Amino acid sequence: MEDKLCLGYLGLIKPEIDLISTILRTSSRLNGEWTLVDDGECDALIAYNTEKDLTPFVLKNGANLIIIKRRGETHPGYVFLKPFRADELVDVLILIKTNRSVSAPVRGEPSTPQKLYGLKKWPPNNLLSQNKHFMLLAVYLSRGTKTIENLVTLSGQSEKFCQQFIHMLEQHSLLTEDIKQLQPERKTTPQHIESKKTFLSLLKSRFGIGKL
Amino acid sequence: MKEYKLVFTGTTGAGKTTAITAISEAPPVKTDVTNTDETLNKKSTTVGLDFGQINLANGDRLRLFGTPGQTRFDFMWKILVKDAFGIIILIDNSRPNPLDDLNLYIDGFKQELLTIPCVVGVGRTETHAYPSLDEYSNALEKLNLILPVISVDVRNTEDVNMLISILMAQTEAELI
């Protein structure tokens, strides 16, 4: 079972801490993947300021700061706006987790052939309507070939669910398939990609949109 | 402060102005005049472009542009769509040849569709079921395009939000 991601906090009052703890515990979208910690290593830290001294926390490699701001204030990075909305924090944490999956380095593993899947055309409505998450997977595939791992990362759905969707497409002759050698490489995220991710996160917050 | 662009395009009467009005924060700037085309069942029509705006939490802005529907204004399409975050093509399924209408906009944005996310929203399907959404997919397949095609009523804010959600998902897919 994958270790939980740790969210630290600095400078928050008890009601705010309790609120965040409740969100992490009860959000179906976060699925219990995050836990609030009082000290030690953390994958993200929520604070009012970008403080230099983060004691008693130690940021893990690639960890992110989430800064608390009032609505209307600006900040070039992840924010949690007051008055708080639970879905906005959930959006930010999902984005942080997704970004970590994309930028995590792969060290010293042999190249692994993976299957790349694509669409031949936009699937018929009677197939997409079988499950509310199918349209999202189809949207991802509409922008180019993807591996199962890509679909899992993008959608937050299980590997089994994504395999089920791919199988359905295959049964209806809607699937293209290719095998590509993927070389392990250390990825870093260019600045413009980070900028786009922040834009998407803010847009989701503004529209109150989660996944499709 | 950064500015992003979202372009709504489609035939006259497809609902571009309505869609922008549904989500714009500021009252949208419209360029409507009295409609003198008797074949169109609407009182006014857009002769310039519609403009709306959404402010994001960090001060960035999403500008909403509605292209004029009449083809005599097609020179504006390429100007408007440059560096856009996404394109929403709205089609009125009650028109005589909706698939021809779709072809017009696909052709007009042919180059841009290679890189800019796009979704097709088909309106009035509850009263005009044909062409079906699958026929739209088939038409796009013949043009070697795979674009999401959904049924929408742009008077409904949730439907407009769905179109934007699809554009966001397409953008996310390109970042991985």
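How many residues apart are Lys14(A) and Asp18(A) in helix H1 of chain A? Select both to start the tour: they are four residues apart in H1 (residues 14–26), so about one helical turn separates them. Helices here are DSSP runs of H or I with at least four residues, strands are E runs of at least two, and both are numbered from the N terminus. Lys14(A) and Asp18(A) form a salt bridge, with the closest N and O atoms 2.8 Å apart; the term asks for a side-chain nitrogen of Lys or Arg within 4 Å of a carboxyl oxygen of Asp or Glu. Lys14(A) is exposed at 56% relative accessibility, while Asp18(A), at 36%, is partly exposed. Buried means under 20% relative accessible area, exposed over 50% and partly exposed in between, with a 1.4 Å probe and protein chains only.

Before you go on, a word on the model: it is predicted, local features need pLDDT of at least 70, side-chain atom pairs count only at pLDDT 80 or more, and totals for chains, interfaces and linings use all residues. Residues are numbered from 1 along each chain as its sequence is written, chains are lettered from A and ligands numbered from 1 in the order in which they are written, and side-chain values use heavy atoms, leaving out hydrogens and water.

**Chain A as a whole**

Now colour chain A by secondary structure. You will find seven helices and seven strands, in the order β-α-β-β-β-β-α-β-α-α-α-α-β-α from the N terminus. Of the 212 residues in chain A, 45% are buried.

**The aromatic rings**

Next, show the aromatic side chains; the whole structure has nine aromatic pairs over all chains. Rings of Phe, Tyr and Trp (its six-membered ring) pair if their centres lie within 6.5 Å, and planes under 30 degrees apart count as stacked, over 60 as edge-to-face and the rest as tilted. Select Phe80(A) and Phe84(A): this pair is stacked because the centres are 4.3 Å apart and the planes are at 10 degrees. Phe80(A) is buried at 0% relative accessibility, whereas Phe84(A) is partly exposed at 22%.

Then pick Phe134(A) and Phe161(A), a tilted pair with 5.5 Å centre to centre and 40 degrees between the planes. Phe134(A) sits in helix H4 (residues 134–142) and Phe161(A) in helix H6 (residues 159–171), 27 residues apart. Both are buried.

**Across to chain B**

Select the residues in contact (heavy atoms within 4.5 Å): 40 come from chain B and 36 from chain A. The area buried between the chains is about 3,600 Å², with 69% from carbon and sulfur atoms; buried area is the accessible area (1.4 Å probe) that two parts lose on being put together, summed over both. Highlight Ile146(B), Leu175(B) and Ile176(B), which supply 20% of the area that chain B buries against chain A, more than any other three residues.

The interface has three salt bridges. Zoom in on Lys204(A) and Glu172(B), whose side chains meet in a salt bridge at 2.6 Å, N to O. Lys204(A) is buried, with a relative accessible area of 11%, and Glu172(B) is buried too, at 13%.

**Last stop**

Finish in chain B with Arg155(B) and Asp153(B), joined by a salt bridge at 2.8 Å, N to O. Arg155(B) is exposed at 63%, and Asp153(B) is partly exposed at 25%.
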